[in-house]
Number of protein chains: 2
Amino acid sequence: MSQTQIPILRIGQLLLAGLPNELDDLTTAQFGEELAERLVSDGARGVLLDISKLEIMDSYAARMLTEIAATARLLGARVVVAGMQPAVAITLVELGLQLPGVGTAMSTEHALDLLTNDRSTTGGEAGHRVHPG
Amino acid sequence: MSQTQIPILRIGQLLLAGLPNELDDLTTAQFGEELAERLVSDGARGVLLDISKLEIMDSYAARMLTEIAATARLLGARVVVAGMQPAVAITLVELGLQLPGVGTAMSTEHALDLLTNDRSTTGGEAGHRVHPG
């Protein structure tokens with residue numbers, strides 16, 4: 001079983017996936033690989049990753065997410081993560097970790113707005129942040 | 001950890017989730033419960049379940065899916081599953097299993113069409129099928 005267990009949904013030109021509460025190395029690597037293949041085969045322009053279940057984000061997971069976003073960008077798509085738990089955000093800051101190239105949004109809907117209204121900026125700019133309210 | 005590991009995404013009035021390749025009893029029960037809670041808290045009208053990863057559908061999983069759809073209907077929403085693998089469909093038929101009340105579609109996009117164009121039929125009718133092409 002070389003495929004990830006994380007389903008990747010396609011809606012229009014976007015791919016959507018929800019990450020589980022913990023990202024082990026194998027799962028994350030397989031997911032990154034399958035996502036890249038799906039970006040090409042589906043001709044997708046954006047990726048929405050729901051991370052509301054994710055409870056632990058260590059430096060490895062942060063790096064994997066960054067690499068997934070960098071790969072997507074090379075393939076002409078951008079990545080937005082949605083629903084980060086406050087504790088995860090705090091941990092990331094405490095660890096001094098950034099998610100360069102990864103857009104962030106409070107909810108899947110904000111992420112969709114970001115991806116659908118801003119497709120022209122697929123290019124090389126750094127992470128995009130939404131501050132609702 | 002009483003919550004399911006299956007992330008439930010909200011987009012507009014729809015909830016989306018992708019099921020893993022195997023549905024164990026606990027996961028399915030927890031998912032059903034959380035989905036019902038989310039239907040109410042998010043005021044959702046439809047549920048799209050991507051089952052393209054699902055490789056095994058036994059009578060238990062079929063019954064759970066049917067119950068999830070029945071619960072959703074009582075809460076005013078309908079359920080469409082998308083991306084069933086041909087082998088799963090064949091197995092279901094061989095086992096004499098139906099998925100009453102569960103709409104089926106070839107892809108998430110067909111499922112979305114079904115859910116967004118047909119919300120008025122949230123009521124008691126049996127499963128809806130899309131035959132693309």
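Which residue forms a salt bridge with B:Arg63? The partner is B:Glu67, and the closest N and O atoms of the pair are 3.1 Å apart. A salt bridge is counted where a side-chain nitrogen of Lys or Arg lies within 4 Å of a carboxyl oxygen of Asp or Glu. The model is predicted, so local features need pLDDT of at least 70 and side-chain atom pairs count only at pLDDT 80 or more, while totals for chains, interfaces and linings use all residues. Residues are numbered from 1 along each chain as its sequence is written, chains are lettered from A in the order in which they are written, and side-chain values use heavy atoms, with hydrogens and water left out.

Chain A contains 4 helices and 5 strands, arranged from the N terminus as β-β-α-β-α-β-α-β-α. Helices (H or I, at least four residues) and strands (E, at least two) are DSSP runs, numbered from the N terminus. Of the 133 residues in chain A, 48% are buried; buried means under 20% relative accessible area, exposed over 50%, and partly exposed in between, with a 1.4 Å probe and protein chains only. The accessible surface of chain A is about 6,200 Å², and carbon and sulfur atoms hold 54% of that surface. Areas of this kind come from the Shrake-Rupley method with a 1.4 Å probe, and for residues only the protein chains shown count as cover. Among contacts in chain A with a separation of 6 or more, 77% join residues 24 or more positions apart, a contact being heavy atoms within 4.5 Å.

At the interface, 23 residues of chain A are in contact with 23 residues of chain B. The copies meet through the same surface, because 100% of the interface residues of chain A are also interface residues in chain B. About 1,900 Å² is buried between the two chains, 57% of it on carbon and sulfur atoms; buried area is the accessible area (1.4 Å probe) that two parts lose on being put together, summed over both. Between chain A and chain B there are 4 salt bridges. Elements giving two or more residues to the side of chain A that touches chain B are β1 (9-11), β2 (14-18), β3 (46-50) and α4 (108-117).

The count over all chains is 10 salt bridges. One of them joins A:Lys53 and B:Glu34, with the closest N and O atoms 2.8 Å apart. This pair runs from the loop between β3 and α2 (59-74) of chain A to helix α1 (residues 25-42) of chain B, and both residues are buried. A salt bridge also joins A:Glu34 and B:Lys53, again with a closest N and O distance of 2.8 Å.

Within chain B, B:Arg38 and B:Asp42 form a salt bridge at 3.0 Å between the closest N and O atoms. Both lie in helix α1, 4 residues apart, or about one turn of the helix. B:Asp42 is partly exposed, at 21% relative accessible area. B:Arg63 and B:Glu67 are likewise 4 residues apart, in helix α2 (residues 59-74) of chain B, and so are separated by about one helical turn. B:Arg63 is partly exposed at 45% relative accessibility, and B:Glu67 is partly exposed at 38%. Salt bridges that share partners join A:Arg10, A:Arg38, A:Asp42 and B:Glu109 into one network.
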